[in-house]
Amino acid sequence: MINNTNKVRIFDTTLRDGEQSPGVSINPEQKLQIAFKLDQLGVDAIEAGFPIVSQGEIQAVRNIKKSGLKAEICGLARTLDSDIDSVIKCDLDYVHTFIATSDIHMRYKLKMTPEEVIQKAVKAVEYAKSHGLKVEFSAEDATRSDMTFLTKVFTAVVEAGADRIDIPDTVGYATPEYISGLVSLVLKRIAVPISMHCHNDFGLAVANSIAGINAGAACAHVTVNGLGERAGNASLEEFVMALQCLYRKEHNIHTKLLYETSRSVSNIMGIAVQANKAIIGENAFGHESGIHTHGILNNPMTYEPIDPEMVGRKRWLQAGKHAGAHGIRAMLRDFGIECTDEQLHEIVEKQKNLADRGKSISTAELLSIAGEVLQNKRFEEKFKLYDFHIVTGMNLIPTAVIRLNTNGKDLIASEIGVGPVDAALKAIQKVASEIANVKIREYKLDSITGGSDALAEVSVKVEDKSGNVVSARKAGEDVVVASVQAMVDAINKIMLRKILYSEN
Ligand code: KIV
Ligand code: ZN
């Protein structure tokens, strides 16, 4: 179905170009999970895969097609009958077929003359149309192709029946100005909708996609988290939010689901999102410096161009050496803690001293400093880790036994898991469940130093039933011990928030 509204069409290629990110390979079940997420998000089309590559891919694409999603489902094919047949085998009625049109690709990769390329493109489009498929045709490396030849190819495939034309900036080499000129020229020659497919090799994928839209393109190929070959494709989140907020253009994306979708894709594909990535990066709505937190507390628009809730996020403040009294007071108030100006000053100075030693200050640490200054035992940990044992091995099911103490009472629980960390974290959740019912939103393990005795840093993010989210970090040489400590810390933080609120 061609989108006849003025809304910009979002063609998501996370499951095709995104899966071509180096090091990523997902199974059919995981592809289906991502397809459901994309559909909920509201993308107009999902490029579900490149069916010719394997039987598993055919199965995955077929499963997605028959799962009844609202989005159009498309499969990629070279301009070969066998590739198009594989798309048909998936029961798809929409093919994205491509052939390269730049001199360098035609000479060194395809070893074909320009005339042969045109003939092959036309033949493929005719073949797909004769099988009743909707056809989107891409001229690979379009932005490095001779413009006259490119428009000749586009005109020929449209005459052969192509329903859509895609302009790939395959190696991310174009500038927004070049894209504007190119799209305007192509639009003068052909009368079918145009898509943009921009890669991010110079960090211009989103800017180039927007330039294409502003010049008259109707659609952009994008990926969640900007995944894709090499430096990736245009990031769906950045493209959609820039379109909406800066260019006032409409689309069908439910922006409140952007963060959640990004997290799911990152977890399933195993590719972390950089902390400072726009919209979806961990730091995108985090504030540390005193000047900024002061501004934010008076009016969030001072340092936030959009309300984090629009994309399903919450703003957060960070203690640290740049933090000021306003920010620290707000963080303490978030836990229901009030203090005098003198006490606040002392807390700020103490946490700065700690930060000066190169430490990043966690909320638990800030609260413990506050407890010290206010001489208030309420800020003590609610759960104390007494002991834990883990059994794991080649033919054993990893099993963890955890012993915590709360208010002088011992609590013990055991759990099994897919590995020692999984078993331990499940046992902690179980043991604490009577008082704190939490689920793990995120678990991250980073190696800080090299070697088998590497120092690892674990960070855990947990959420309680009321939607409160806290995270805790622990570094150590033993990954399991650091994971257990981080999890207990996170539960303590969430408990503290609950206790302090109910007392206030
Ligand atoms: O970047 C590219 O050129 C592609 C084509 C398959 C359209 O991904
Ligand atoms: Zn691509």
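Visitor: Which residue in strand 7 does I165 stand opposite?

Guide: I165 stands opposite I194. This is a predicted model, in which local features need pLDDT of at least 70 and side-chain atom pairs count only at pLDDT 80 or more, while totals for chains, interfaces and linings use all residues. Residues are numbered from 1 along each chain as its sequence is written, chains are lettered from A and ligands numbered from 1 in the order in which they are written, and side-chain values use heavy atoms, with hydrogens and water left out.

Visitor: How many bridges join strand 6 to strand 7?

Guide: Two strands pair if DSSP finds at least two bridges between them. Strands (E, at least two residues) and helices (H or I, at least four) are DSSP runs, numbered from the N terminus. Here five bridges join strand 6 to strand 7 (residues 194–198), and the two run parallel. From strand 6 the chain passes through helix 7 (residues 176–189) to strand 7 in a right-handed β-α-β crossover. Right-handed means that, with the strands pointing away from the viewer, the path from the first strand over the helix to the second runs clockwise.

Visitor: What joins strand 5 to strand 6?

Guide: Three bridges join strand 5 (residues 134–140) to strand 6, and these strands run parallel. S138 has D166 as its bridge partner in strand 6. With helix 6 (residues 147–159), strands 5 and 6 make a right-handed β-α-β unit.

Visitor: Which residues point one way from strand 6, and which the other way?

Guide: In a regular strand the side chains alternate between the two faces of the sheet. In strand 6, R164, D166 and P168 point one way, whereas I165, I167 and D169 point the other way. Buried means under 20% relative accessible area, exposed over 50%, and partly exposed in between, with a 1.4 Å probe and protein chains only. Six of the six residues of strand 6 (residues 164–169) are buried.

Visitor: Why does S195 count as buried?

Guide: S195 counts as buried because its relative accessibility is 0%. S195 lies in strand 7. Its side chain makes a polar contact with the side chain of E136, at 2.8 Å. A polar contact is a pair of N or O atoms within 3.5 Å; within protein, one must be able to donate a hydrogen and the other to accept it, and residues adjacent in sequence count only if both atoms are side-chain atoms.

Visitor: Which protein donors does the zinc ion (ligand 2) have?

Guide: Donors are N, O and S atoms within 2.8 Å of the metal (3.2 Å for Na, K and Ca); water is not among the atoms, so sites may look incomplete. For the zinc ion, the protein donors are D17 (OD), H197 (NE2) and H199 (NE2), lying 2.0 to 2.1 Å from it. D17 sits in the loop between strand 1 (9–12) and helix 1 (28–41), and H199 in the loop between strand 7 and helix 8 (205–214), 182 residues apart. Both D17 and H199 are buried.

Visitor: Which residues are around ligand 1?

Guide: A residue is near a molecule if one of its heavy atoms lies within 4 Å of it. Around ligand 1 are R16, D17, H96, F98, S138, E140, P168, T170, H197 and H199. A polar side-chain atom of T170 lies 2.7 Å from an oxygen atom of ligand 1, and one of D17 lies 3.1 Å from an oxygen atom of ligand 1.
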